[in-house]
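Q: I would like to go through this structure with you. Could we begin with the terms?

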Amino acid sequence: MSSSPSNDAATRAAEGRIQERYRTERLFQAAGVAAIGFALFALLALLVSITYQSSSALSHTYVELEVELDADTVDPRGDGSPESLAAGGYSRPLRNALRARFPEVSGRKNKRRLNALLSDGAEYQLRDAVLADPGLVGQTASFVLPMSDDVDLLLKGDIDRNVAESDRKLTDLQIEWVDALVADGAVSHEWNTGFLTNGDSREPELAGMQGAIRGSLLTLLVTLLLSFPVGVAAAVYLEEFAPRNRFTDLVEVNINNLAAVPSIIFGLLGLAVFLNVFGMPRGAPIVGGIVLALMTLPTIIIAGRAALLAVPPSIREAALGVGASPTQAVLHHVLPQALPGILTGTIIGMARALGETAPLLMIGMVAFIADLPSGLSDPSTVLPVQIFLWNDAPERAFVARTSLGIVVLLGFLVAMNAAAVWVRSRFETRY
Amino acid sequence: MTGLLWLLLPLLAALGWSVGRARARALAGDPSDAGSRIELHSLPGHYGQFVLIWAALPPLAVLVLATVFGGALVDGWVASQIEASGLLDGSKSAEQVLVEVRAGLALLEGEGASLVHVQASDALARVEGTLDLAVVGAFAVAAAAGLYFSRRRITIALRARNHVERALHIALLFSSVVAVLTTIGIVVSLFFEAMRFFQLVSPAEFFFSTEWSPQTALRSDQVGSSGAFGAVPVFAGTLLITAIAMSIAGPVGLMAAIHLAFYASESARSWIKPLLEVIAGIPTVVWGSFAALTLGPQVRVLGEALGLQVASESALAAGVTMGVMIIPFVSSLSDDALNAVPRSLREGSLAMGATESETIRKVMVPAALPGIVGAFLLAVSRAIGETMIVVMAAGLAANMTANPFEAVTTVTVQIVTLLTGDQEFDSAKTLAAFALGLTLFFVTLALNLVALRVVRTFREEYE
């Protein structure tokens with residue numbers, strides 16, 4: 001059987017079209033893979049860059065110095081009492097110790113540069129050591145003291161030695177001294193434990209997250225105490241008791257819209273109402289907690305309603321059938337069944353509140369606060385705001401602190417989400 | 001002082017509960033003696049709850065009222081006493097003196113502190129003492145009266161459960177109204193502050209003028225003393241960054257949703273979807289830091305390699321990061337919309353010989369279009385309201401430009417900048433933030449409502 005030439009051409013054209021269509025198909029599929037790849041690559045880039053940048057803040061550079069604790073300087077009253085020791089001067093012994101190590105240094109400028117190798121926190125650390133052991137007064141002992149952030153960066157390779165002297169933070173002479181100390185074996189790297197135990201500081205090597213962690217805990221406590229009961233009550237009302245009428249519709253539409261309102265608007269509400277009308281304290285966890293509670297409320301209500309809806313009607317009917325009132329049926333039987341789902345939603349809402357920054361900037365939680373907050377109305381800061389503040393700080397060493405702060409924040413979030421998953425898998429009943 | 005009263009509340013509640021229950025038990029008589037036993041309407045616990053409500057709620061109301069209005073009351077009272085003292089020399093108002101006293105000026109001997117401060121400090125202590133006493137008194141009276149009268153009301157005729165349940169329903173109803181009150185609070189507070197702004201700056205200037213420099217000078221003879229409040233460049237900057245973000249999130253999110261819905265295997269889907277959700281779960285301050293510290297410098301290097309002028313806080317870095325952040329919004333909502341299209345449409349198309357991609361492009365996506373459009377609108381609303389990424393990575397300069405390598409500013413950046421400095425609350429500068437906030441609120445609200453409407457109205461019904 002022979003085919004005509006024109007038929008052949010048509011077949012070839014058709015085959016060509018099919019090939020073309022298949023190629024489009026492959027391209028389309030590749031585009032989908034590329035899209036997912038792009039999104040996951042961005043996530044990976046974020047995590048890798050943060051981990052990489054944070055690594056240099058994990059440790060800090062310390063130097064071991066022979067410090068002579070001259071009794072007249074550190075114990076001005078001479079009675080060895082804690083008050084006297086706390087009032088003593090500790091920077092002079094440090095200066096003398098450095099001078100003794102580098103006797104060849106002369107001139108005010110160079111001496112000041114030499115002193116700048118040590119962190120400003122070194123004298124406080126020395127004071128704490130003396131307060132802990134007053135027997136050190138009048139003796140010469142060796143102390144391991146923190147060096148300045150610039151020295152730390154230099155030894156971690158973040159300050160380029162080949163750059164012109166005027167373009168870097170450390171002079172050639174200072175680098176020489178540091179190298180001499182390193183050659184002596186006096187320099188060591190130790191874990192930056194202060195990062196979790198110190199409050200905020202202008203000095204990168206002294207800055208820590210303890211204040212922000214406490215502020216976050218206090219704020220979240222207020223948020224939880226307000227949003228959980230109110231959210232659960234609202235969910236129970238809307239799902240179990242509310243009559244189907246205009247008003248209920250209004251409340252429902254309103255809750256859905258509230259969930260999509262930009263978070264900064266809640267901050268404006270807090271500023272205009274809680275700070276200016278009610279005169280509540282600026283930057284206090286109580287105000288931050290209220291604002292975040294209003295923001296979290298829709299999340300909890302929506303999660304709560306979904307959890308209540310998932311409880312089968314048979315539970316309700318059985319309770320009513322044995323004589324429980326509608327309220328008893330809901331409180332004693334339906335709500336306990338729905339609680340795991342509600343808790344999961346609450347934890348996720350809390351995690352979102354923990355990461356929220358913008359509304360808290362509006363109510364003044366953005367100030368530099370070195371003290372640890374101890375009450376609900378103390379000015380304080382929270383983890384994400386601390387990250388924001390460090391991100392803006394001019395010192396180079398704060399880049400690593402910012403990233404390490406992010407690691408801490410993400411650690412809290414992972415823990416909370418893991419808790420939500422655990423609650424769901426452990427307590428949820430499936431019907 | 002009032003802090004202690006807050007701690008007393010739970011004790012009071014426990015007391016009320018046990019008193020009510022004991023009273024009900026006594027009424028019901030000895031359970032072992034069937035003859036003297038009276039069947040009460042409700043369980044003893046209900047009577048306990050009945051007394052609990054009456055014993056704890058009135059004192060709670062006293063405390064809430066004192067907390068909310070106490071400060072203003074004290075201020076007004078002390079201010080009137082300062083004025084009555086006749087010590088004011090006209091240089092300061094009574095309110096200013098009060099603020100200084102609160103700041104501890106009266107304790108500092110010498111400069112600044114004067115007789116009026118000492119007097120005011122005394123008056124403040126006196127008034128606060130009086131108010132504390134009044135609160136404690138009102139608290140005690142309210143608690144005692146509630147406890148006494150509610151206990152007396154417990155008789156055989158009292159249907160305690162009905163009372164308790166009604167109170168509970170009112171509490172539940174009130175809780176669900178909190179969300180409505182929040183919305184009303186937002187609208188009212190933004191509206192009032194914005195109205196005060198529009199008394200200083202005309203709405204026409206705000207919405208149509210192209211000059212934005214809100215820095216009002218301290219002295220009238222300085223340059224730019226009046227400040228300019230034409231918000232068009234701010235809106236334009238917001239649009240530019242949103243457009244950049246959507247040009248990333250739109251295609252990537254949609255293609256990711258299509259791949260997940262039609263091509264990915266069940267196992268791939270089960271780990272890709274949660275990973276995409278992680279992107280949305282990462283706090284925006286983290287993405288902002290990424291944009292500012294990592295992506296921003298890279299964009300600059302890239303732009304300079306191409307011979308372009310790149311601002312250090314370019315719109316591109318902020319826009320791209322924001323785009324990545326909202327990918328999950330687009331993808332998960334589009335995924336839902338695509339999955340809602342009946343299988344029969346897809347199978348019919350495939351059976352007619354269309355390839356998978358032709359089916360998707362010509363059948364599935366058009367059928368799911370309302371849902372996809374809704375997803376895009378919600379993502380746009382999200383991008384407009386997003387704050388931290390732009391605060392950290394976009395600039396402050398209000399440039400009118402479409403060049404993504406230049407620095408632009410956005411509505412949210414301006415709100416943050418205007419309100420985080422130290423300034424008086426009533427200046428045009430701070431009020432401008434509320435006008436911007438009101439605009440932002442209504443634009444995002446409109447987008448959300450339109451998105452819902454699009455999804456509802458244009459959804460194709462197949463059943």
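A: The bend at a residue is the angle between axes fitted to the seven residues ending there and the seven starting there. Helices (H or I, at least four residues) and strands (E, at least two) are DSSP runs, numbered from the N terminus. This is a predicted model, in which local features need pLDDT of at least 70, side-chain atom pairs count only at pLDDT 80 or more, and totals for chains, interfaces and linings use all residues. Residues are numbered from 1 along each chain as its sequence is written, with chains lettered from A and ligands numbered from 1 in the order in which they are written.

Q: Where is the kink in H13(A)?
A: The kink, of about 35°, is at A:Thr296, shortly before the proline A:Pro298.

Q: Moving to strands, which way do E1 and E3 of chain A run?
A: E1 (residues 59-68) and E3 (residues 187-191) of chain A are antiparallel and joined by five bridges; strands pair if DSSP finds at least two bridges between them. A:His60 is opposite A:Glu190 of E3(A).

Q: What about E1(A) and E2(A)?
A: Seven bridges pair E1(A) with E2 (residues 140-146) of chain A, also in the antiparallel sense. There, A:Glu64 has A:Val144 in E2(A) as its bridge partner.

Q: How many residues does each chain bring to the contact?
A: Chain A brings 65 residues and chain B 67, where contact requires C-beta atoms, placed from the backbone, within 7 Å. Helix H5 (residues 160-200) of chain B gives the most to the side of chain B that touches chain A, with 19 residues.

How values were computed. Contact = placed C-beta atoms within 7 Å.
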